[in-house]
Amino acid sequence: MKTIELINAMARKPEWSMAEPVNFCLEEGEHIAIIGRNGAGKTMFVDMLTGKHPAFPDMVRYGFDEPYNKLKYISFRDTYGGDNDRTYFLQQRWNQMEIDEETPTVGNKLEEAYQLAGEDTPERRALQKHIYEIFHLEPLLDKYIILLSSGELRKYKLASSLFTNPKVLIMENPFIGLDKDTREQLKELLRMLAQEQELQIILVLAKTDEIPEFITHIVEVKDLRVMPKVNSGKWRVESGEFLRPSGSKNSTLYTLNSNLPIIHFNHVTIRYGARTILKDLDWTVMQGEHWALSGQNGSGKSTLLSLVCADNPQSYACNISLFGHKRGSGESIWDIKKHIGYVSPEMHRSYKQNIPSIEIVASGLKDTIGLYTRPKEDEKIQCRKWLKVFGIGNLEDRKFHEMSSGEQRLVLLARAFVKEPDLLILDEPLHGLDDINRKMVKDIVDDYCKNPEVTLIYVTHYQEELPRCIDHSISLPSVLLCEL
């Protein structure tokens, strides 16, 4: 039985069309991984499957009733979007006094999603409890949605969608932003749902090494063309996936000894109400060191970086020195930010302006989210240089919301490098990038860090994503909850 079928499908609007008509069939019992380069057309293909980009009549057929209720799509991009995000700004997570008391909590929204999804039965409550346990959501139920970390937000979105009991669940990059244990738990939960429920799963993946074992077929999208469906076992053998190493320890290329501390934390503790995020943290980063920062979702990585980037007002109450100056000694946040190049999932979400990519990159010269002054010609030359370094020189005039999520991430990386900063902070920089672009970005980081004056802080949940230059590491403990 055919669950979804596209027959010579083309979108009604030419600007939405693929390079050629799409023929695709999802058979009952199949689970698909859609792969391809950034900008290849994966999202456009999914939009045709879901009806977001309507095709001509009779070109898209569903083997079940109420397709718009039974076909669910979750995008795990870091892009800003959605009515619930209209008041979001980059520093809002660290300025909790500015959050409206009526802002919903995780528990409020998940219960609302549960109630809307169907009848309240003991079986559904058991599933709800199981989902909470798998994703360790219980400690987050009283937390405001706006305060969730990137990884926590992904857990929340997935949990709320699973309550709806869909027939086909399409997920775009569900594993990015999740620590290793949670990624494995998510794969196991999806495997269980695929086997035990009447649910078919389609994953849209930038990382081909994240394809779960339960996936039965692979569909590659290349140059706006949907390739024929291939059995996953055959694809793994032909692509060499079975021979790929799981990741090796990065070698240290160089170790530098400098007397200049770039970052110094002395017994730093950060609390929000009864919730302790960081406790009694000592940390010193010397000039020229290259640090890997790790820890499970919710352990405080983003909070730590908000202190370094001067986005968190609690830094004034802590014993913190940046670039040799104690916080609160008279320097402005702009004095600090001019030394820092930064990219993160939160920054990606906070970009609301639909402006050309060259202006996004130029905003890195001003340390603003968005550009409020026209870049000068010499600034444009610098921006073009870094757009070309990241292989997107042809996207100079492309508007931000008209690019794929992976292309957007490359633009934001060019923004982080454009002023050639002394301190480079890359928080999950490879989110949404395909295999080729991930290798390119790692090579760029390694090359840039050959400068002995450059200091690096690099955050990732994937050991194999660390650049070779890493010579120090710090791992934050699991989140400390509700101390009494």
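User: Let's start with helix α1. How many of its residues are buried?

Analyst: Keep in mind that this is a predicted model. Helix α1 covers residues 42–50, and eight of its nine residues are buried, so the helix is mostly covered. The buried ones are Lys42, Met44, Phe45, Val46, Asp47, Met48, Leu49 and Thr50.

User: Which residues have a positive phi although they are not glycine?

Analyst: Asp223 is one of them, with a phi of about 55 degrees. Asp223 sits in the loop between β8 (217–222) and β9 (225–226), and it is exposed, at 56% relative accessible area. Asp280 also has a positive phi, of about 50 degrees. Asp280 belongs to strand β12, residues 275–286, and is partly exposed, with a relative accessible area of 44%.

User: Let me zoom out for a moment. How many helices and strands does the protein chain have?

Analyst: The chain has 14 helices and 19 strands. Of its 484 residues, 56% count as buried. As for contacts with a separation of 6 or more, 73% of them join residues 24 or more positions apart.

User: How do I describe two helices that pack together?

Analyst: The general idea is that you give the angle between their axes and the distance between the axes. Here, take helix α3 (residues 106–117) and helix α4 (residues 122–134): they pack at an angle of about 145 degrees, with axes 12 Å apart. The crossing of α3 past α4 is right-handed. On the α3 side, the contact uses Leu110, Glu111, Tyr114, Gln115 and Ala117, while α4 brings Arg124, Arg125, Gln128 and Tyr132. By type, those contact residues are four nonpolar, two polar and three charged.

User: Which residues does Phe163 touch, not counting residues up to four places away in sequence?

Analyst: Phe163 touches Leu110, Ala113, Tyr114, Ala117, Arg124, Gln128, Ile131 and Tyr132. Phe163 itself is in the loop between α5 (150–162) and β6 (168–172). It counts as buried because its relative accessibility is 3%, and the cut-off for buried is under 20%.

User: Is Ser306 buried or exposed?

Analyst: Ser306 is buried, with a relative accessible area of 2%. You'll find Ser306 in helix α8, residues 301–308. A polar atom of the Ser306 side chain lies 2.6 Å from the backbone oxygen of Thr303.

User: Where do nonpolar side chains tend to be in soluble globular proteins?

Analyst: They tend to be buried together. In this structure the largest nonpolar core has 72 residues, and Ile263, Phe265, Trp283, Leu304, Phe390 and Phe417 touch the most other members. Helix α13 (residues 405–417) gives the most to this core, with seven residues. Zoom in on Phe417: not counting residues up to four places away in sequence, Phe417 touches Trp386, Phe390, Leu424, Leu426, Ile444, Val445 and Tyr448. Apart from that core lies another one, of 42 residues, including Leu162, Met171, Leu190 and Ile201.

User: One last stop. Which residues is Pro21 in contact with, leaving aside its neighbours within four places in sequence?

Analyst: Pro21 is in contact with Asn8, Ala9 and Met10. Pro21 lies in the loop between β1 (2–9) and β2 (22–27), and at 37% relative accessibility it counts as partly exposed. Its C-alpha atom is separated by 8.0 Å from that of Ile7, with the two residues 14 apart along the chain.

Terms used. Residues numbered from 1 in each chain as written. Predicted model: local features only at pLDDT ≥ 70, side-chain atom pairs only at ≥ 80, totals over all residues. Heavy atoms only, no water. Axes fitted to C-alpha atoms, helices over the stretch in contact; angles between N-to-C directions. Helix = DSSP H or I, 4+ residues; strand = E, 2+ residues; numbered from the N terminus. Left-handed = near helix turned anticlockwise from the far one by under 90°. Contact = heavy atoms within 4.5 Å. Nonpolar A, V, L, I, M, F, W, Y, C, P; charged D, E, K, R; others polar. Buried < 20%, exposed > 50% of the residue type's maximum accessible area, 1.4 Å probe, protein only. Polar contact = N/O pair within 3.5 Å; in protein donor to acceptor, adjacent residues only side chain to side chain. Core = buried A, V, L, I, M, F, W, Y, C linked by side-chain atoms within 4.5 Å.
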